[in-house]
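Trainee: Could you walk me through this one? I would like to talk about charged side chains, and then about a sheet.

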Amino acid sequence: MVETNCDFYDHKISKKPIYSLNNGYIARLQQKGEIPDKDIHKTLKEIDHGIDRFASFYFEYDDNSPEFINQTKREELMRFFDTDDFSHIVIYKTLNRVDSRCLTKIQYRYLRDSLVVMHKNKIIHGDLPENVMIDPDDQMPRIIGWKHSKKCDNYDDMMTGIEIDMNAFFTHYKVGKKM
């Protein structure tokens, strides 16, 4: 098992193996019932082309996947995960934990603005605490963990979802200094 400093979908708790692509990305085999909502991830990629705000999944050999992901050695992944079914393999960037009580002002505002962008596109996260990580390349927050997210077309559902997300944001994330 490859040890990383991230906690996507509690892989350390579930003991599911992950595979390092040695280029800052990791691959993980999703279990049945755990397959991400492809529509939400498609929307996230449309509104966040550079993966600047939301850490979304790539699917192996998906037309939307960057070239370096498509160059992953298929045989190597087959051996590691002991499967030839690639529909359940997702790939995402390795990120660092965030200290939710010690964000810089810039990080705090960036995270708040990311929530606004998400909500304007009718996506509700629904499980924000512990689902924000720091990108090691630019030290800015990325929202992860889309397992409980949903797209809302109904106004009342949208307003309830925004309230849940924003309450979680204001309760858990603070500007501060490391102690």
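Mentor: Keep in mind that this is a predicted model; a search of the whole structure finds eight salt bridges.

Trainee: Why would such side chains pair up at all?

Mentor: Side chains can pair because they carry opposite charge and their charged atoms come close.

Trainee: Okay, which residue does Lys-42 meet in a salt bridge?

Mentor: Lys-42 meets Glu-46, at 3.7 Å from N to O, and both residues lie in helix H2 (residues 38-47), four residues apart, which is about one turn of the helix.

Trainee: And what about Asp-137, what does its side chain meet?

Mentor: The side chain of Asp-137 meets that of Lys-93 in a salt bridge of 2.5 Å, N to O. Asp-137 sits in the loop between E7 and E8, while Lys-93 belongs to strand E4 (residues 89-93), so this pair ties together parts that lie 44 residues apart in sequence.

Trainee: Is Lys-93 buried or exposed?

Mentor: Lys-93 counts as buried, because its relative accessibility of 18% falls under the 20% cut-off, whereas Asp-137 is exposed, with a relative accessible area of 63%. Both residues also belong to a network of salt bridges that links them with Asp-135, Asp-138 and Arg-142.

Trainee: Switching to the sheet, what is the order of its strands?

Mentor: The order is E5-E7-E8 in an open sheet of three strands with antiparallel pairing. Strands E5 (96-97) and E8 (141-143) stand at the edges with a single partner strand each, so one side of each has no neighbour in the sheet.

Trainee: Which helix packs on the sheet?

Mentor: Helix H5 (residues 105-120) does, touching E7 and E8, and its direction makes about 25 degrees with that of E8.

How values were computed. Residues numbered from 1 in each chain as written. Predicted model: local features only at pLDDT ≥ 70, side-chain atom pairs only at ≥ 80, totals over all residues. Heavy atoms only, no water. Pairing = 2+ DSSP bridges. Helix = DSSP H or I, 4+ residues; strand = E, 2+ residues; numbered from the N terminus. Contact = heavy atoms within 4.5 Å. Axes fitted to C-alpha atoms, helices over the stretch in contact; angles between N-to-C directions. Salt bridge = Lys/Arg side-chain N within 4 Å of Asp/Glu carboxyl O. Buried < 20%, exposed > 50% of the residue type's maximum accessible area, 1.4 Å probe, protein only.
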